[in-house]
Each structure stands twice: as C-alpha cells, then as structure tokens.
Amino acid sequence: MGRPVNAVLVPPQAERFASLVGVDPGRLVLNVTGWHKLVLLDTDRVFLFPRSAVGVAWFERELAAYRALARTQLSIVPRLLDRWEDPEIYPFPFAAVTRLRGEVPAEPEALFEQLGRAIARWHELTPPLLAGARPPGHDDAAHTRWLRRALDPATSASAAAEAASLLGRPARAPAWADLLASAAQLAPVLVHGDIHEDQLLAVGGRLTGIIDWETARVDHPFWDFDLGEWGTGLWRRRRHDFSALWARGWRAYAQARGLDTGSRPLETAFRLRQALFLLAQPGDPAVTGTLDEHLAHV
C-alpha cells in the first residue's frame, strides 16, 4: 500500500511538498471526511487542500476566519500558520494550521457551558469581511428560509403568524411573535455556522478544540446554537432533555455577553423550524423527533 500522503499528492509532488514545508511525508495521516477539502495531519500541524476548484472559496473563507479569530486569543481555535501556491505541488492553494490536542468527545453535552463561553468570545469580535460567505447549500430549504424570516426583525411577526397557521395553533401566534421578536433583536456576528459533535475536541472533560471553519460567515448568533446540526448520536441519547441542553449552553453564553439568559426565544425559533420541517417531511422519530413533541415545548 502507498503512503497516505499519496492520496493527495503523487510521489514527485509529495517530495516537493515535504521540502517546501519541512515535513516527513511518511508520518502524515490522511483525513478525507470533509466535503470541500482533504486534510493531512502531522504531529503539530494540519495541512488543508481544497478538493476541487469549487472548494477553493470554502478554503479561503476558512483561512479568513482563522485570521479574524486570532484576535480572540482562544487556544481552542486553530491558528493559520502559512498558505502556499505552487502548481508543481497542487493545482490549488493549500495551507497549514496548528493541530489542536484532543479527541472527539464521547459525551459532548458535558461541554455545553464551555462551548457557550467560547462562542461568546468570537461573537464579540467586530464581524470581519468574508467575501462570498454563504450558508451550506442544504440550508436552502423551506423550513430554513422560514427560520431566517423568523430571526429578521422586519419579518419575525409574519413568520410567527405563518407558523401558527400552518401548524394549526392560531392562538399561539401572539406568544410566538413576542419570542421571535426577542430573538430577532440580536445583531449579526461571526458564526462558525456548522458546529456539531464531530467538530469538537476534548481532553479529560475540557474543551480543547473547535475545528473546520469553512462555513464561517456573518449571521444571526443562533446559528451557533442550532442543535439540529449536532447529528443523531447526541439527539438519540438526549432527545428528551434537549431543552435543558439549550438552556445550559445559552445561559453560559448570555452571561458572558451580558444578554438575557432565558433560552425560550432560541428554543422557540428552532422548535418551530423543526415542526415545519416535519409537517412537510415526517421522518424517523428517533432522528427527527415528532411534531407533537416539538410543539409541546413552545
């Protein structure tokens, strides 16, 4: 079998790469799980390679996010070390960032308070310019477009009325409108935009890393608390106390930013989003929950 590096670079390219960056290509570990990039891991560095021309924009956005995040001094965020362009090595630009310690946590819910405080740090940054930044394509769905209207001060009231009508809860429209209006007051910030359990690293119950920032953008703060993006592992284990998880993470975050610590606006927005999704596409309850279950919390 060939070396892992040769899944990204053929031998002549790999040798030139090794000489340029000062690395032993034989000790590099390959990670191919990213949608838009290939990753080679060294002991203290991580090398990022766009998979294709389409991936270059996501790659450049990730690097821009790391430059902005350097101002937070957060040790749990990778640092950009260098960026190169050499067509004799790779047809697209590639880069190196610091490798953070830790493993994907078996129980990410134990990290919610730490995560909330960390999110507050980068949300306090002056939002940077991220040219061409946009949400992932799978976010362009009817229920997600509704959520964007719900989190916009100009449309939150009409979004509440629409949800109440579609879900057969007209009497709830005024209460939902008040909660969504509260959520919509929050100003746009730099968000990671795709936090889930596989993008966290931990050592002994301590959060040590938040990786994969290619979806970073300036958006509503709630996009960094979208537990619907946390995969089915956490959901299957903690489905019936997700309200408590939202509350724990949001309270730590809000205290750090001096915001209202109540999580009801946050939960209302996302429970209604999920209910509208289920109204159109009922799925496996173990993965999606049930319509009545989500509505019981709002």
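Contact here means heavy atoms within 4.5 Å. Keep that cut-off in mind as you click through this predicted model, where local features need pLDDT of at least 70, side-chain atom pairs count only at pLDDT 80 or more, and totals for chains, interfaces and linings use all residues. Residues are numbered from 1 along each chain as its sequence is written, and side-chain values use heavy atoms, with hydrogens and water left out.

**Stop 1: Glu293**

Select Glu293, which sits in helix H11 (residues 291-295); helices (H or I, at least four residues) and strands (E, at least two) are DSSP runs, numbered from the N terminus. Leaving aside residues up to four places away in sequence, Glu293 touches Trp235, Arg239 and His240. Is Glu293 buried or exposed? With a relative accessibility of 13%, Glu293 counts as buried, the rule being under 20% relative accessible area for buried, over 50% for exposed and partly exposed in between (1.4 Å probe, protein chains only).

Arg239 lies in the loop between helix H7 (231-238) and helix H8 (242-257), while Glu293 belongs to helix H11, so the pair ties together parts that are 54 residues apart in sequence.

**Stop 2**

Go to Arg3 and Glu15 for one of them, at 3.1 Å from N to O. Arg3 is in the segment before helix H1 (11-21) and Glu15 is in helix H1, so this pair links parts that are 12 residues apart in sequence. Both ends can be coloured by accessibility: Arg3 is partly exposed at 31%, and Glu15 is partly exposed at 44%.

Next, pick Glu267 and Arg271, whose side chains form a salt bridge of 2.9 Å, N to O. Both residues lie in helix H9, four residues apart, about one turn of the helix. Glu267 and Arg271 are both buried. Then show Lys37, Glu62, Asp212 and Glu214 together: salt bridges that share partners join them into one network.

**Stop 3: two positive phi values**

Stay with Asp212, found in the loop between strand E8 (206-210) and strand E9 (217-219). Asp212 is not a glycine, yet its phi is positive, about 65°. Then jump to Gln73, in the loop between helix H2 (53-69) and strand E4 (80-84). Gln73 also is a residue other than glycine with a positive phi, near 60°. Its relative accessible area is 61%, so Gln73 is exposed.

**Stop 4: H6 against H9**

Finally, show helix H6 (residues 173-184) with helix H9 (residues 264-280): they pack at an angle of about 110°, with their axes 8 Å apart. Axes are lines fitted to C-alpha atoms, for helices over the stretch in contact, and angles run from 0 to 180 degrees between N-to-C directions. H6 and H9 are therefore roughly perpendicular, the class for angles of 65 to 115 degrees. To see the contact, select Trp176, Leu179, Leu180, Ser182 and Ala183 of H6, plus Arg264, Pro265, Thr268, Ala269 and Leu272 of H9.

Note on methods
Angles under 35 degrees count as roughly parallel, over 145 as roughly antiparallel, 65 to 115 as roughly perpendicular and the rest as oblique. A salt bridge is a side-chain nitrogen of Lys or Arg within 4 Å of a carboxyl oxygen of Asp or Glu.
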